[in-house]
Amino acid sequence: MRVAVAFDHRGVKLRERVLEDVQRLGHEPVDLGTDKPEPPVDYPDKAREIGEAIRGGQADRAIFVCGSGVGAAIAACKLRGIRAAICHDTYSARQGVQHDNMNVLCIGSG
């Protein structure tokens, strides 16, 4: 599965860990950046990139990281065909995919 991964300037703290985990689990990461905390990159811009990657067929699903995960989820859900949610446990993530057709996992970097 191709998994787009995107980070705003606050989410970049988890960049290496997320990319490593996606690969370790046997998926192909589609890296949408950013890779540094400066200059600031706003989450709505990254939400648009994730939406384009999924709708354009470059990715099947996505992981989107911002400071809290809240802004990422709100911005991504405004895009047609994108169903994003914050999940703090594997049960919620699994249920979101299986029962709600979630295609973007949003998490906060803290």
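Analyst: Two strands pair if DSSP finds at least two bridges between them. Strands (E, at least two residues) and helices (H or I, at least four) are DSSP runs, numbered from the N terminus. This is a predicted model: local features need pLDDT of at least 70, side-chain atom pairs count only at pLDDT 80 or more, and totals for chains, interfaces and linings use all residues. Residues are numbered from 1 along each chain as its sequence is written, and side-chain values use heavy atoms, with hydrogens and water left out.

User: What makes E4 and E5 a pair?

Analyst: Three bridges join strand E4 (residues 84-86) to E5, and the two run parallel. The rule asks for at least two bridges, so E4 and E5 pair. In this pairing, Ala85 stands opposite Leu105 in E5.

User: How do you know that E3 and E5 pair?

Analyst: Strand E3 (residues 61-66) and strand E5 (residues 104-108) share five bridges, in the parallel sense. Val65 stands opposite Ile107 in E5.

User: Why are E2 and E4 said to stand at the edges?

Analyst: The open sheet has five strands in the order E2-E1-E3-E5-E4, with parallel pairing. Strand E2 (28-31) and E4 each have a single partner strand, so one side of each has no neighbour in the sheet. On average, neighbouring strands are turned by 25° against each other, direction ignored.

User: What makes the E4, H4 and E5 unit right-handed?

Analyst: The three elements make a right-handed β-α-β unit.

User: Why is Arg15 called buried?

Analyst: Buried means under 20% relative accessible area, exposed over 50%, and partly exposed in between (1.4 Å probe, protein chains only). Arg15 has 12% relative accessibility, so Arg15 counts as buried. Arg15 is found in helix H1 (residues 15-24). Leaving out residues up to four places away in sequence, Arg15 touches Phe7, Asp31, Gly33, Thr34 and Asp35. Contact here means heavy atoms within 4.5 Å.

User: Why is Arg55 called partly exposed?

Analyst: Arg55 has a relative accessible area of 48%, so Arg55 falls in the partly exposed class. Arg55 is found in helix H2 (residues 43-55). Beyond neighbours within four places in sequence, Arg55 is in contact with Leu79 and Arg80.

User: What makes Arg15 and Thr34 a polar contact?

Analyst: A polar contact is a pair of N or O atoms within 3.5 Å; within protein, one must be able to donate a hydrogen and the other to accept it, and residues adjacent in sequence count only if both atoms are side-chain atoms. A polar side-chain atom of Arg15 lies 3.4 Å from the backbone oxygen of Thr34.

How values were computed:
A crossover is right-handed if, with the strands pointing away from the viewer, the path from the first strand over the helix to the second runs clockwise. Axes are lines fitted to C-alpha atoms, for helices over the stretch in contact, and angles run from 0 to 180 degrees between N-to-C directions.
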